[in-house]
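Let's go through this one feature by feature, as a dialogue. Have the sequence and the 3D view open while you read.

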Protein chains: 2
Amino acid sequence: MFQSSGKYQPLAHQLERVAPAIIDMDCFSRVETNGGAFEQVQLLAGENPNQAVRTFTKPFREAGIKTHMLDRALNALRMYPCPSDVRRLMYKVKHAQGVDITRIFDGLNDPRNVIPSIRYAKEAGMTPQGTLCITHSPVHTVDYYATLADTLIEAGAEEICLKDMAGIGRPTVIGQIVRRIKEAHPDIVIEYHGHIGPGFSVASMLEAARAGVDILDTAVEPLSWGKIHPDVITIREMLRADGFEVPEINMKAYMQVRTLTQEFVDDFLGYYINEQNLQCSSLLIGCGLPGGMMGSMMSDLQGIHEAINMFHRQKGEPEISIDDLMVKLFDEVAHIWPKLGYPPLVTPYSQYTKNIALMNVFNMERGGERWQAIDEKAWGMILGKNGRVPGPVAEELRTLAEEKGLAFTDADPQTNYPDDLDRFRRMMDEEGWDYGEDDEELFELAMHEPQYRDYRSGVAKERFLEDLEQKRAERAALRGTTPEEVRALKRAAWTAVTAPASGQILWEINLEEGSAAPQVGTAYRRGSCLCEICPSGGYREPVTALVGGRIREVVADQGAMVRKGDVICYMDDDEESLPAEEKPVGSALHRPEEQPYSHREVLNPSTRMGR
Amino acid sequence: MFQSSGKYQPLAHQLERVAPAIIDMDCFSRVETNGGAFEQVQLLAGENPNQAVRTFTKPFREAGIKTHMLDRALNALRMYPCPSDVRRLMYKVKHAQGVDITRIFDGLNDPRNVIPSIRYAKEAGMTPQGTLCITHSPVHTVDYYATLADTLIEAGAEEICLKDMAGIGRPTVIGQIVRRIKEAHPDIVIEYHGHIGPGFSVASMLEAARAGVDILDTAVEPLSWGKIHPDVITIREMLRADGFEVPEINMKAYMQVRTLTQEFVDDFLGYYINEQNLQCSSLLIGCGLPGGMMGSMMSDLQGIHEAINMFHRQKGEPEISIDDLMVKLFDEVAHIWPKLGYPPLVTPYSQYTKNIALMNVFNMERGGERWQAIDEKAWGMILGKNGRVPGPVAEELRTLAEEKGLAFTDADPQTNYPDDLDRFRRMMDEEGWDYGEDDEELFELAMHEPQYRDYRSGVAKERFLEDLEQKRAERAALRGTTPEEVRALKRAAWTAVTAPASGQILWEINLEEGSAAPQVGTAYRRGSCLCEICPSGGYREPVTALVGGRIREVVADQGAMVRKGDVICYMDDDEESLPAEEKPVGSALHRPEEQPYSHREVLNPSTRMGR
């Protein structure tokens, strides 16, 4: 459930703490421990993913709970294709690290991308779970999914997962797919993985259960619901009322998991979770985008929003709200999706499709045309470089490709990515890096080269901590609660008095009582002397109050060294509010040229005013 | 859907705007227009509820869409019992105001409280909908609900509503109840009203639909999901995929409703909506509390939290978090609910039960005992004054009642509330108030006397606006005003001095003390030289003060590169305020053409002014 909840996932020391509580809940037969983005985000946080996986899987295996991971078939654990020797190594490494099952999915549902992984996983001793990426379109019928399941099972998949990543599978259809597969393959374990996003997935789980599904993916607060998974409590209660035998949940342990997870969220995960992730939305049905994309999509939208409105302003047209822009984007996705051949909207094809739609909206809003800016990766998807899109590509895109001299292909995508592990072995050797237990360090380098290098150099950790620091400061600023924030706010309303010269600040010279900076609230008329600055030469330069008012904050204390231009203090700019009797006293009294200083001399006019 | 979304509901002028868009959605056969809290919160907002109801029902009736209201049987539109002549008048008034159907519920499911209302509603020409308050307990079986439906239908109910106000009805059970009623009464219209809160209700709707339900209550963003109702889009898509014929939704109109509702939320409704209302939570299953209560419950908890922790601190015990306290309260509700005889947790019995649990937690946390503080209303519920609780009251409470000298009763609750309308007629006469069209003003006084008086005197409006003002200020403070915002405000009052050319800014050339930008407050007469800009060629272009006044903010520091048109600094435009002695000094002194620069030359006139 951490997988879908934001950019980062808990770190090894946190996973180690939460695992026993998850085990104590006593209701899970398997737990998703890693894969998908897990390894990469550990690197991005400056942590060793291998250690994190071993740490997290160990307690579950000891408790007899199966662990499973998510992998992207041809893309393995990243967003772009992987040589087959690296894919093969992955399963060996992950099995050695304690992972039992791997959920192998291809975003296009192209069996050519999945089947080799099924073979590699079996060779490595893992249970390969063939995955159907669920979406809702005229080509994604029950027959389509049943046939795909047949193909994957025939190729060796021991389990089948219905991965309903956008949660738009209709409950009835989910039930029908499960029933068809169970009828044809009664011994195959079927798991349903559904995101709640547009609200179907509780009903989908009931339908799946009645159709014979074996495992349902659920979550625990605070990461259940919203755009993530239904909560295990609700699913258990629903199934029990329908006559299923379902394990009890140890609620004390549930609350422990909840408390620990909340602690991790408060610690750092929460800074990378979009608030919208906590809410359902039926608007996701029309476009079919996975809810987990909302965060990055909203920041994309913010990026183009101002540019679009600048254009509208120049044209004297009404501006568009960010909300209306979001709806336009959803409509555009719904419009172009059939034309792209209905690629399932899952990573990375959800991003590619969204990117094309985003640029279309951007250009069309500014008077331009659709399809003006399709990036290389998106073209790759259209042309078949990543595998076959499920439906036919629209004529207008075929024509456009021809005009651009781009060729469609039906070659097995893997053929473009020859074995490459030896090159990474040489890199490790050159760097003097150990291949690690079970070659796991070699694998990390080969899978995520730039991220792995940043992790090893310490740059990743540094960058992560810096970013986190900034996120924390921003959050605090938004809340308006830190002393720094309050001070900055107050200062913004005052007038800064800057040093007219460099030197030591003398607010007063008072040998009897000691010298000090004035109290906050001390009043000065415009033109009176605030303090003096003594450059090294012994000469004293007076600092004249150029605004009248009261001292609000002293920045440079008595005796402090300042450089010309430094802020000495902040004053309000409100001479009118000064009481009448203060005014004559404070005014123009202490001009150095008028009155020589003595040991008893007090520079601060207010000190006198008070007497 | 507004009903469940917070304290207030939209005002008449807002309802008038949103109604046409709801009609244009072209998918609703009926719309909940009023009742429940609607009338009272209109009064609290200083508005006339009669006008609001008439305004809102009119367009729906004209469009052939039925309107319906919610009423609390014995309690009518308030939280405590109502004389029967006032109950009877309500249906006459509401029918005259354009309401077709009334959903009559009793929080205890006691038919004695509901049946007279069925008769009154029919007399007035309304369609009475008998309501089953759905909850989940050993006494709330399918048989229990089927029998209750039989009783209400026999008494004249023309429709039956399953009011699943906490959303904890299990989908399978909801289906079974609907099926049983439909089998026994094929011609009775059945409506299912379910809150999503703990996540069941989408599945419940599918089960209800398959069992023959006629109407499903849904909502529209931004008030769908969370603890409110499922969104109409999701329910429609789910049913369509299951083979039902369901009307199309005009999505353009949907988006209009969404935009307008968001506008109302931003205007004022949102200040009274608890954020938690936007999220599902499975923790509500254990205690069975309706999600709509979360807001008031959290503020209750905050109220006792500090007192409990003060006690713990004094005892040297660890403090308890608000989250853990919430869980304790949920557990306590689950513990006491059976002992109270399983009153359905709906208004006002959800409040009574929660209040007892809250005081129990409060006292037990502080070393005291359970049941120490049961208030009079809660005792009334236990003793049977409001009707029969569904299950037996626990022995320990019977004993406690005896000790306190409290007697249980099985009398018809209405007998304690004799007819009283004449008294209100006399009040109206004394005040010189008109009874209003169809006696609707008389009815409002009789139903909500104190609130109606505050509305008439204008106190309600004043109080509402004051509270809203404060809420807005609090929200703004919580959001935190950024230093940028404060600065922007200040800048708006000043005059921006922009660069007449591109180049490097020289405020002064002072080789001895170093050069710096002028201090804030430095005065310039109109026409004097502010600074110079050095383009790459070495030539210096003077920047002349085009307004006279003081520097308020330096934007371009000494040596900064600026582009033509950039803001260099901000000045006030207040030459008149400059002291007489400063004026000659600052004026036209440093025009480069008048005075050649030297190493000691100071461009900044203020440096001289101080001496």
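**Reading the features, one at a time**

Y8(A), F268(A), Y272(A) and F464(A) form one aromatic cluster. Keep in mind that this is a predicted model.

Q: Let's stay with aromatics, then. How many aromatic pairs does the structure hold over all chains?
A: There are 22 of them over all chains. To sort a pair, look at the angle between the ring planes: over 60 degrees counts as edge-to-face. Take W337(A) and Y342(A): their ring centres are 5.0 Å apart and their planes meet at 85°, so this pair is edge-to-face.

Q: And are W337(A) and Y342(A) buried or exposed?
A: The cut-off for buried is under 20% relative accessible area. W337(A) has 8%, so it is buried. Y342(A) comes out at 15%, so it counts as buried too.

Q: Which residues have the most contacts inside the largest nonpolar core?
A: The general idea first: in soluble globular proteins, nonpolar side chains tend to be buried together. Here the largest nonpolar core has 301 residues, and those with the most contacts inside it are M25, L132 and L162 of chain A along with M25, L132 and L162 of chain B. Zoom in on L132(B): leaving out residues up to four places away in sequence, it touches residues including Y145(B), L148(B), L152(B), I160(B), L162(B), I177(B) and I181(B). Its contacts also include N109(B) and K163(B).

Q: How do I read a sheet? What is the strand order in the open sheet of chain A?
A: Strands of a sheet pair through backbone hydrogen bonds, either parallel or antiparallel. In chain A, an open sheet of 7 strands runs in the order 1-2-3-4-5-6-7, with parallel pairing. Its edges are strand 1 (30–35) and strand 7 (215–216), each of which pairs on one side only. Further in, strand 5 (residues 159–164) and strand 6 (residues 189–194) of chain A pair in the parallel sense over 6 bridges. To find your place in strand 6, look for H193(A), which stands opposite K163(A).

Q: What about the antiparallel case? Which strands does strand 11 of chain B join?
A: Strand 11 (residues 529–534) of chain B is mostly covered, with 6 of its 6 residues buried. It runs antiparallel to strand 9 (residues 503–506) of chain B, joined by 3 bridges, and Q504(B) stands opposite C534(B). Strand 11 is also joined, again antiparallel, to strand 12 (residues 541–544) of chain B by 4 bridges, where E532(B) has P542(B) as its bridge partner.

Q: And why is strand 11 of chain A largely enclosed by the rest of the structure?
A: Because 6 of the 6 residues of strand 11 (residues 529–534) of chain A are buried. Strand 9 (residues 503–506) of chain A pairs with it in the antiparallel sense over 3 bridges, with L506(A) opposite E532(A). Another 4 bridges join strand 11 of chain A to strand 12 (residues 541–544), also antiparallel. In strand 12, V543(A) is the bridge partner of C531(A).

Q: Now helices. How many residues does helix 13 of chain B have, and how far does it reach?
A: One check is to compare the end-to-end reach with what 1.5 Å a residue would give. Helix 13 (residues 322–339) of chain B has 18 residues and reaches 26 Å from first C-alpha to last, close to the 26 Å expected. Then look at its ends. S321(B) caps the N-terminal end, with a side-chain oxygen 3.0 Å from the backbone nitrogen of D324(B). Just after the helix, G341(B) takes a positive phi of about 90°. Among the buried residues of the helix are L325(B), L329(B), F330(B), V333(B) and W337(B).

Q: What covers helix 18 of chain B?
A: Helix 18 (residues 440–447) of chain B has 8 of its 8 residues buried. They include E440(B), E441(B) and E444(B) as well as L442(B), F443(B) and M447(B). The cover includes helices 2, 3, 4, 17 and 19 of chain B.

Q: Last one, a loop residue. What does K564(A) touch?
A: K564(A) is found in the loop between strand 14 (561–562) and strand 15 (567–571) of chain A. At 17% relative accessibility, it counts as buried. Check the chain letters in its contact list: it touches A499(A), P500(A), A501(A) and S502(A), and also E508(B), N510(B), E513(B), G514(B), S515(B) and A516(B).

Definitions and conventions
Residues are numbered from 1 along each chain as its sequence is written. Chains are lettered from A and ligands numbered from 1 in the order in which they are written. This is a predicted model: local features need pLDDT of at least 70, side-chain atom pairs count only at pLDDT 80 or more; totals for chains, interfaces and linings use all residues. Side-chain values use heavy atoms; hydrogens and water are left out. A nonpolar core is a set of buried Ala, Val, Leu, Ile, Met, Phe, Trp, Tyr and Cys residues joined through side-chain atoms within 4.5 Å. Buried means under 20% relative accessible area, exposed over 50%, partly exposed in between (1.4 Å probe, protein chains only). Contact means heavy atoms within 4.5 Å. Helices (H or I, at least four residues) and strands (E, at least two) are DSSP runs, numbered from the N terminus. Two strands pair if DSSP finds at least two bridges between them. The expected span of a helix is 1.5 Å times one less than its number of residues. A polar contact is a pair of N or O atoms within 3.5 Å; within protein, one must be able to donate a hydrogen and the other to accept it, and residues adjacent in sequence count only if both atoms are side-chain atoms. Rings of Phe, Tyr and Trp (its six-membered ring) pair if their centres lie within 6.5 Å; planes under 30 degrees apart count as stacked, over 60 as edge-to-face and the rest as tilted.
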